[in-house]
There are 2 protein chains.
Amino acid sequence: MDHRGAMAQALAAAREALAAGEVPVGAVVWRAEGVIAVAGNRRRRDLDPSAHAEIVALREAARQLGDWRMPAGVWVTVTLEPCPMCAYCLREARVTGVSYGADDPQRGAAGSLYHLLGDSRLGPAVTVLGGYQAEEAQALLDRFFAARRGSLGGGVSEPG
Amino acid sequence: MDHRGAMAQALAAAREALAAGEVPVGAVVWRAEGVIAVAGNRRRRDLDPSAHAEIVALREAARQLGDWRMPAGVWVTVTLEPCPMCAYCLREARVTGVSYGADDPQRGAAGSLYHLLGDSRLGPAVTVLGGYQAEEAQALLDRFFAARRGSLGGGVSEPG
């Protein structure tokens, strides 16, 4: 597995989230040997404020591996820059690196608003590859928020 | 329900976590009418890097209320200052305020290392009441880490 293959699966998970009425974000936990877990955002379906794609995928990966701390060499590829919740969970799960698609200027914690993945006060920094195949990831988000603004009569851009 | 009653239940949940071999932290989601959810840290038991007490309690509260966004007037009382993951989840869940016991100088996100709960770039700030009945909360943590250092031959203070 590599970044390209992981992002293809993350985008597929984001499209499934969109079809289910969720903010379309997808994440894949993987290493060179193969994919460990794939998930889309499930907040509405699960009634869970923590059910962003990255956290759902990390939970599944931890169950698969029998440890909430990932072994060395595990990457997470996600279609949108992680928020502070997900960024800190990625650190706590000891992932080696994070690659992501679209930047999130409003709440991104991999460099846009916070630098949680690189903050050496929290331990070894997590390697970040940002803006990777951002176009389709951003297009899915734009489609979701345009549809929501349409159905609500305009003006709403709140995430969630 | 009030802060005093909520902290009593949060401390009880932290003691249960300690007995189960978890880092002893407990959290209560509550409003004036009563408690909505109580949880202790469950990371090891659930093999879930996101299973800090606050997040487990918020998940349960969201299920109880049928919405991942809390109504106005909901507070979360927790024995330890929230980490960045939990702080952002508390914001996303729209809690009105957070009261906590012990400060966490290494990773606290309610003022010690980050000010995630007060960052107005992320939306309306969450009210924070810190250092509330910190002594027993800190004593439980000290007991846990002293025992771990003892069993490992000293020197280890990694959280988890």
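Modeller: Gladly! Let us begin with the buried residues of α4(B), which are P84(B), M85(B), C86(B), A87(B), Y88(B), C89(B), L90(B), R91(B) and E92(B). Please keep in mind that this is a predicted model.

Colleague: Thanks! Why is α4(B) described as largely enclosed by the rest of the structure?

Modeller: A residue counts as buried when its relative accessible area is under 20%. Nine of the nine residues of α4(B) are buried, so the helix is largely enclosed by the rest of the structure.

Colleague: And what covers the buried residues of α4(B)?

Modeller: Both chains take part in the cover. From chain B, the cover includes α2, α3, β3 and β4 (97-102). From chain A, it includes α2 (43-46) and α4.

Colleague: Let me pick one residue there. Is A87(B) buried or exposed?

Modeller: A87(B) lies in helix α4 of chain B. Leaving out residues up to four places away in sequence, A87(B) touches P82(B), A109(B), L116(B) and L117(B). Its relative accessible area is 0%, so A87(B) is buried.

Colleague: How far apart in space are A87(B) and V98(B), C-alpha to C-alpha?

Modeller: Along the sequence, A87(B) and V98(B) are 11 residues apart. In space, their C-alpha atoms are separated by 9.1 Å.

Colleague: What follows α4(B), and what is its phi?

Modeller: The residue to look for after α4(B) is R94(B). The phi of R94(B) is positive, near 65 degrees.

Colleague: Now the strands, please. Which strands are joined to β1(B) by bridges?

Modeller: Six bridges join β1(B), residues 26-31, to an antiparallel strand at residues 34-40 of chain B. Four bridges join β1(B) to another antiparallel strand, at residues 75-80. The two partners are β2(B) and β3(B).

Colleague: Which residue is the bridge partner of G26(B) in β2(B), and which residue in β3(B) stands opposite W30(B)?

Modeller: In β2(B), G26(B) is paired with G40(B). In β3(B), the residue opposite W30(B) is W75(B).

Colleague: Is E33(B) buried or exposed?

Modeller: β1(B) and β2(B) form a hairpin with two residues between them, and E33(B) is found in the loop between these strands. The cut-off for exposed is over 50% relative accessible area. E33(B) has 69% relative accessibility, so it counts as exposed.

Colleague: How far apart are the C-alpha atoms of E33(B) and V74(B)?

Modeller: These two residues are 41 residues apart along the chain. The separation of their C-alpha atoms is 9.9 Å.

Colleague: Let us turn to the interface. How much area do chain B and chain A bury between them?

Modeller: The size of an interface is often given as the accessible area lost when the parts come together. Here, 35 residues of chain B are in contact with 36 residues of chain A. Of the area buried between the chains, 63% is on carbon and sulfur atoms, and the total is about 3000 Å².

Colleague: Which three residues supply more of the area that chain B buries against chain A than any other three?

Modeller: Together these three residues supply 22% of the area that chain B buries against chain A. They are L47(B), W68(B) and Y114(B).

Colleague: Which residue forms a salt bridge with E92(A)?

Modeller: Four salt bridges are found across the interface of chain B and chain A. E92(A) is in helix α4 of chain A and, at 9% relative accessibility, counts as buried. In its salt bridge the closest N and O atoms are 2.6 Å apart, and the partner is R43(B).

Colleague: Which elements give two or more residues to the side of chain B that touches chain A?

Modeller: This side of chain B divides into 17 nonpolar, six polar and 12 charged residues. The elements that give two or more residues to it are α2 (43-46), α3 (53-65) and α4 (84-92) of chain B.

Colleague: One last stop: with which side chain does the side chain of D119(B) make a polar contact?

Modeller: D119(B) sits in the loop between β4 and β5 (127-129) of chain B and, at 10% relative accessibility, counts as buried. Leaving aside neighbours within four places in sequence, D119(B) is in contact with Y114(A) and R91(B). The polar contact of its side chain spans 2.8 Å, and the partner is the side chain of R121(B).

Technical notes: Residues numbered from 1 in each chain as written. Chains lettered and ligands numbered in written order. Predicted model: local features only at pLDDT ≥ 70, side-chain atom pairs only at ≥ 80, totals over all residues. Heavy atoms only, no water. Buried < 20%, exposed > 50% of the residue type's maximum accessible area, 1.4 Å probe, protein only. Pairing = 2+ DSSP bridges. Contact = heavy atoms within 4.5 Å. Buried area = accessible area lost by both parts, 1.4 Å probe. Salt bridge = Lys/Arg side-chain N within 4 Å of Asp/Glu carboxyl O. Nonpolar A, V, L, I, M, F, W, Y, C, P; charged D, E, K, R; others polar. Polar contact = N/O pair within 3.5 Å; in protein donor to acceptor, adjacent residues only side chain to side chain.
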